[in-house]
Amino acid sequence: MNESSATPAELPWPVRFRQYLRHLAIRICIYLFVYLALAILTIGPCFWYWFEATYANGPRWIAKFYAPLLWLCDHVWPIGWLVNQYVNWWIL
């Protein structure tokens, strides 16, 4: 039986598992890209909410939402510089 013509239930489990892992990796990459795009685009207008959540008694979920972006900006300087310029454009 040809693997391309078989239904998913007829494939051996290692092939199904590889397909599942490939599908999972693609979904994770898409979700990561969407999260980063959303976080980067919203940090400008929401900067003061993030600042209050991080350094005052603001909502903790805002600080947690932007925590991966903060880590990325601290460790990858071009992204940090670009995000900083974007935030400055919104708050100045």
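Reader: Thanks! How are α1 and α3 oriented to each other: roughly parallel or roughly perpendicular?

Author: Let's start with the general idea. Two packed helices are described by the angle between their axes and by the distance between the axes. In this predicted model, α1 (residues 13-43) and α3 (residues 60-75) pack at an angle of about 90°, and their axes lie 10 Å apart. Angles of 65 to 115 degrees count as roughly perpendicular, so α1 and α3 are roughly perpendicular to each other.

Reader: Which residues of α1 and α3 meet?

Author: From α1 come Tyr35, Leu36, Leu38, Ala39, Ile40, Thr42 and Ile43, and they meet Phe65, Tyr66, Pro68, Leu69 and Leu72 of α3. Sorted by class, this contact has 11 nonpolar residues, one polar residue and no charged ones.

Reader: Which residues of α1 are buried?

Author: They are Val15, Tyr35, Ala39 and Ile43. Their cover includes α2 (47-55), α3 and α4 (77-91). In α3, the buried residues are Ile62, Ala63, Tyr66, Leu69, Leu72 and Cys73, with α1, α2 and α4 among what covers them.

Reader: Where in α3 does a kink lie?

Author: Look at Ala67, shortly before the proline Pro68: the kink there is about 40°.

Reader: And what span should the 31 residues of α1 have?

Author: At 1.5 Å a residue, α1 should span 45 Å, and its end C-alpha atoms are 44 Å apart, which agrees.

Conventions
Residues are numbered from 1 along each chain as its sequence is written. This is a predicted model: local features need pLDDT of at least 70, side-chain atom pairs count only at pLDDT 80 or more; totals for chains, interfaces and linings use all residues. Side-chain values use heavy atoms; hydrogens and water are left out. Axes are lines fitted to C-alpha atoms, for helices over the stretch in contact, and angles run from 0 to 180 degrees between N-to-C directions. Helices (H or I, at least four residues) and strands (E, at least two) are DSSP runs, numbered from the N terminus. Angles under 35 degrees count as roughly parallel, over 145 as roughly antiparallel, 65 to 115 as roughly perpendicular and the rest as oblique. Contact means heavy atoms within 4.5 Å. Ala, Val, Leu, Ile, Met, Phe, Trp, Tyr, Cys and Pro count as nonpolar, Asp, Glu, Lys and Arg as charged, and the others, Gly among them, as polar. The expected span of a helix is 1.5 Å times one less than its number of residues. Buried means under 20% relative accessible area, exposed over 50%, partly exposed in between (1.4 Å probe, protein chains only). The bend at a residue is the angle between axes fitted to the seven residues ending there and the seven starting there.
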